[in-house]
Amino acid sequence: MALKKIVILFSGRGSNMKSIIEKLHGQKVDVVAAITNNKEAPGIEIAKKFGITVEILPHTDFGSREAFDKALVAKIKEYNPDLTVLAGFMRLLTPIFTENIKAVNIHPSLLPLFKGKDGIKESFLSGMKVGGVSVHFVTTEMDSGEIVAQECVPILDSDTLETYTARVHEKEHDLYPTAILKVLDIKKFKT
Ligand code: GRF
C-alpha cells in the first residue's frame with residue numbers, strides 16, 4: 001500500500017521537521033514537500049540533505065495575508081497530501097487556509113496555557129512544576145484547535161531556561177512523529 005503523504009511547513013531551524021523526516025519518511029509516511037515562507041530558514045538545508053523537495057514562498061511577496069494563504073493552499077494542493085504538518089511555521093492563518101487544508105501544529109506548552117511565541121519561557125517562569133508540549137489541529141486562532149496529543153515536561157528546581165528548553169525540544173521531537181501517525185491513523189501509539 002502506498003505511504004500516506006505529508007507536506008511540512010516551516011519558517012526557521014527545522015529541528016522538528018528533521019525528527020519527522022528521520023523517524024517517518026520513507027517508512028511510515030512520504031514527506032512529499034517542505035514549504036517555507038522564509039528564504040533564509042536554516043531548515044531548508046536540512047530538508048534538502050534528506051532529498052525532500054523544498055518550496056520557498058516568501059510571504060513578503062504578497063500584498064495581504066489572504067493572498068499569501070491562497071498561494072500557499074494552491075502550492076500544498078499540488079502535492080495532494082493526506083495531512084499538512086506545521087513545524088515552526090510562524091504565520092497566523094486565515095479561513096482561506098483552514099477551510100481548505102487539514103493541518104496540525106506543535107506548540108511548546110501545555111495548551112491552552114501559554115499560547116504564542118514565548119510558550120517555553122512563560123511555562124518556565126510560571127511557578128508550575130510541569131510544562132509540556134502539545135500537538136493540535138490548526139484553526140485561525142493561534143495555538144488553538146482540538147488537541148491531538150500532549151505530554152508533560154517536568155520543570156526541575158535545578159533547571160535553567162536553557163536546560164528546560166532543551167528537554168522541551170527533545171519531547172517535541174518524540175511526540176510529533178507519533179502524533180502525526182495517530183492523526184493519519186496508521187498506528188495509535190509510539191513509533
Ligand atoms: C518549536 O518549539 C515548536 O513547538 C514551535 O516552534 C519551534 C520550532 O522549532 N511551534 P524547530 O524549527 O522545529 O526547530
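A residue is called buried when its relative accessible area is under 20%, exposed when over 50%, and partly exposed in between, with a 1.4 Å probe and protein chains only. The structure is a predicted model, in which local features need pLDDT of at least 70 and side-chain atom pairs count only at pLDDT 80 or more, while totals for chains, interfaces and linings use all residues. Residues are numbered from 1 along each chain as its sequence is written, and side-chain values use heavy atoms, with hydrogens and water left out.

Two residues other than glycine have a positive phi. In Asn80 the angle is about 50°, and in Asp143 it is near 55°. Asn80 is placed in the loop between helix H3 (65–79) and strand E4 (83–86); helices (H or I, at least four residues) and strands (E, at least two) are DSSP runs, numbered from the N terminus. Asp143 is found in the loop between E6 and strand E7 (147–154). Asn80 counts as exposed because its relative accessible area is 54%. Asp143, with a relative accessible area of 11%, is buried.

A cis peptide bond, with omega about 15°, joins Leu111 and Pro112. Pro112 belongs to the loop between strand E5 (103–107) and helix H5 (119–125).

The ligand is surrounded by Arg13, Gly14, Ser15, Asn16, Gly88, Ile106, His107, Pro108, His169 and Glu172, where a residue is near a molecule or strand if one of its heavy atoms lies within 4 Å of it. Polar contacts (pairs of N or O atoms within 3.5 Å; within protein, one must be able to donate a hydrogen and the other to accept it, and residues adjacent in sequence count only if both atoms are side-chain atoms) were examined for this site. An N or O atom in the side chain of Glu172 is 2.2 Å from an oxygen atom of the ligand. A polar side-chain atom of Ser15 lies 2.6 Å from a ligand oxygen atom, and a backbone N or O atom of Ile106 is 2.9 Å from a ligand nitrogen atom. The ligand taken alone exposes 370 Å², of which the protein buries 86%. Accessible areas come from the Shrake-Rupley method with a 1.4 Å probe; for residues, only the protein chains shown count as cover.

Helix H3 contains both Glu66 and Lys75. Glu66 is partly exposed, at a relative accessible area of 40%, whereas Lys75 is buried, at 19%. Contact means heavy atoms within 4.5 Å. With residues up to four places away in sequence not counted, Glu66 touches Thr94 and Ile96. The C-alpha atoms of Glu66 and Ile96 are 6.7 Å apart, although 30 residues separate the two in sequence. Lys75 is in contact with Ile35 and Glu55, its neighbours within four places in sequence being left aside.

Glu122 lies in helix H5 and is partly exposed, with 37% relative accessibility. Beyond its neighbours within four places in sequence, Glu122 is in contact with Phe114 and Lys115. Its C-alpha atom is 8.6 Å from that of Ser109, 13 residues apart along the chain.

Val130 is located in strand E6 (residues 130–137) and is partly exposed, with a relative accessible area of 32%.
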